[in-house]
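Biologist: I have a model open and would like to learn how to read it. Please take me through its features in turn.

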Amino acid sequence: KILVLDFGSQLTQLIARRVREQQVYCELHPFDVSDDFVRSFNPQGIILSGGPNSVYEATDWKAPQAVFELGVPVLGICYGMQTMAEQLGGKVESSNKREFGYAEMRARGHSKLFSGLQDRESDQGHGLLDVWMSHGDKVTQLPPGFKVIGDNESTPVAAMADEDRGYYAVQFHPEVTHTLKGKEMFARFVHDICGCGRDWTMPNYVEEAVAKIRAQVGNEEVILGLSGGVDSSVAAALIHRAIGDQLTCVFVDNGLLRLNEAEQVMETFARGLGVKVVHVDATEQFLGHLKGVSDPEQKRKIIGREFVEVFDAESKKLVNAKWLAQGTIYPDVIESAGAKTGKAHTIKSHHNVGGLPEHMKLKLLEPLRELFKDEVRELGVALGLPHDMVYRHPFPGPGLGVRILGEVRKDFADLLRRADAIFIDELRAAGWYEKTSQAFAVFLPVKSVGVMGDGRTYEYVVALRAVETQDFMTAHWAELPHSLLGKVSNRIINEVRGINRVVYDISGKPPATIEWE
Ligand code: XMP
């Protein structure tokens with residue numbers, strides 16, 4: 001396994017995912033873990049991430065000394081390269097030229113990291129690689145034992161290595177897809193240089209996870225809040241595989257779900273997999289408490305609170321339950337170096353289904369804690385869940401509650417559900433569902449004038465939103481074909497009485513957010 005130490009780059013999670021893609025297990029930890037931690041982790045290799053600092057300013061942002069004492073290969077990326085250079089006796093300086101974006105690098109000296117890899121060849125027969133650079137500082141003096149293994153005009157030390165010790169460092173970012181041979185570079189590092197095997201696969205993981213759950217839970221009972229989302233669904237399927245009827249799922253219908261969602265969940269889990277599912281229809285309770293409330297944050301709080309209440313009441317009935325299972329995934333538990341700077345702002349309070357009622361005194365079972373989202377999906381497929389369920393777009397915990405602007409009413413929710421289903425149907429039919437990261441309809445409680453047949457209409461507006469994004473932190477609106485938008489608009493207006501106008505949202509994030517509330 002590989003240890004990835006995070007120096008605060010936005011890209012650190014991508015490094016970990018690239019390693020996992022090579023079927024090698026890795027974990028991500030902040031750079032300032034202790035020497036003891038590094039030793040007891042017992043990695044076969046270590047990767048030092050990029051980060052926003054300068055080694056000569058942030059003098060305490062260093063890799064633990066143990067990293068260079070374990071005798072295992074180390075790969076430094078960007079800031080990771082600079083701190084490696086510094087800590088091993090080289091020199092880093094601020095350069096007058098910042099390099100940002102595409103660059104061409106010349107591979108030199110037949111290193112294990114690059115040899116035989118090239119995007120094209122130079123006139124002198126050197127392999128040339130397209131790489132993605134983003135840096136202001138650069139290494140100006142190699143540490144003893146190192147040689148240059150990649151360069152270009154503006155960055156004479158674009159990559160360096162001490163191959164005897166297995167130390168490699170690159171100034172560019174191999175983890176982004178703009179570095180065309182990045183994937184191969186990770187393969188070289190983890191397999192050829194560190195000697196890791198390909199044992200991290202989801203079918204393997206099922207067996208391991210099943211055994212672990214059985215050992216943990218014994219013959220005690222487990223309760224899980226099933227939302228229909230990917231994470232709780234995969235967690236339910238996995239735990240059910242491990243302990244069968246010792247698992248009871250509680251599915252709370254808050255009246256703000258998508259069309260036929262409750263039926264689908266019951267179909268897949270209760271009838272399909274034979275999972276025990278308690279279906280609670282709490283529509284009236286939720287909508288009752290939302291009456292007259294139009295502030296988005298207030299709505300989120302109410303929905304979150306009511307969920308806990310309903311879930312709590314149900315779980316009290318399951319007197320034998322000793323465990324609460326949750327679909328927590330790896331990105332939720334990673335403690336990043338970036339968090340230390342305290343720069344993260346809360347723009348919206350996110351209430352996810354499955355919030356832990358503190359007083360319940362149940363033990364926590366989180367079988368997906370080690371997995372990235374794409375791995376959770378693969379696991380779901382390996383467990384036999386339907387592809388459409390596992391590759392579904394994310395749906396926020398408060399559901400349609402934040403897609404009906406202002407006050408939430410049942411009649412609005414009913415209109416929105418149907419409009420949304422038409423939009424998603426057509427996206428799927430046109431092959432656009434997979435090309436977008438999230439798509440949905442929003443109900444606008446304003447009326448506009450229309451004409452239908454010979455009559456004047458005065459009805460509500462629906463906005464369509466479809467975005468493309470990697471991480472949901474930034475997003476582009478999807479450039480859906482006009483003909484597709486036209487078809488969706490026609491169908492919604494014709495089939496959903498009460499809507500006479502459809503608009504398409506062309507705002508990016510930032511400055512807009514993905515959801516409208
Ligand atoms: P925004 O609107 O902040 O959304 O750009 C980013 C991602 O988060 C989802 N989202 C939520 N998820 N509870 C959730 O579980 C919430 O309150 C919530 N608000 C937004 C949103 O759907 C998008 O995927």
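Modeller: Start with a strand pair: β12 (residues 247–253) and β13 run parallel and are joined by six bridges. Two strands count as paired if DSSP finds at least two bridges between them. Helices (H or I, at least four residues) and strands (E, at least two) are DSSP runs, numbered from the N terminus. This is a predicted model, in which local features need pLDDT of at least 70 and side-chain atom pairs count only at pLDDT 80 or more, while totals for chains, interfaces and linings use all residues. Residues are numbered from 1 along each chain as its sequence is written.

Biologist: Which residue of β13 is the bridge partner of Asp253?

Modeller: Asp281 is the partner.

Biologist: What is the order of the strands in the open sheet?

Modeller: The order is β13-β12-β11-β14-β15, five strands with parallel pairing. At the edges are β13 (276–281) and β15 (363–365), each of which pairs on one side only. From one strand to the next the twist averages 30°. Axes here are lines fitted to C-alpha atoms, for helices over the stretch in contact, and angles run from 0 to 180 degrees between N-to-C directions.

Biologist: How many bridges join β11 to β14?

Modeller: Four, and the two strands run parallel; Ile223 stands opposite Leu324 in β14. β11 is also joined to β12 by four bridges, again in parallel, with Val222 opposite Leu247 in β12.

Biologist: Is β11 mostly covered or mostly open?

Modeller: A residue is buried if 20 or more other C-beta atoms lie within 10 Å of its own, exposed if 12 or fewer, and partly exposed in between, with C-beta atoms placed from the backbone. Four of the five residues of β11 are buried, and the strand is mostly covered.

Biologist: Which strands does α6 touch?

Modeller: Contact means that two C-beta atoms, placed from the backbone, lie within 7 Å. α6 packs on the sheet and touches β11, β12 and β14 (321–325), with its direction at about 165° to that of β11.

Biologist: Where does UniProt place the feature "binding site"?

Modeller: The unreviewed UniProt entry places it at Ser227, Gly228, Gly229, Val230, Asp231, Ser232 and Ser233. Such positions are given in the numbering used here, feature names are shortened, and annotations may be inferred rather than shown by experiment. Ser227 is in the loop between β11 (221–225) and α6 (230–243), and Ser233 is in helix α6.

Biologist: Why is Ser227 classed as buried?

Modeller: Ser227 is buried because 26 other C-beta atoms lie within 10 Å. Ser233 is buried too, with 25. Leaving out residues up to four places away in sequence, Ser233 touches Leu226, Gly228, Gly380, Leu385 and Met389.

Biologist: How should I read a nonpolar core?

Modeller: In soluble globular proteins, nonpolar side chains tend to be buried together. A core here is a set of buried Ala, Val, Leu, Ile, Met, Phe, Trp, Tyr and Cys residues joined through C-beta atoms within 7 Å. The largest has 82 residues, and those touching the most other members include Val222, Leu224 and Val234. Domain 2 (202–390) and domain 3 (409–504) both give residues to this core, so it lies between them. The domain bounds come from an automatic or database assignment. Apart from this core lies another, of 61 residues, among them Ala16 and Cys26.

Biologist: Why is α1 described as largely enclosed?

Modeller: Seven of the ten residues of α1 (residues 12–21) are buried, so the rest of the structure largely encloses the helix. Among the buried ones are Ile15, Ala16 and Val19.
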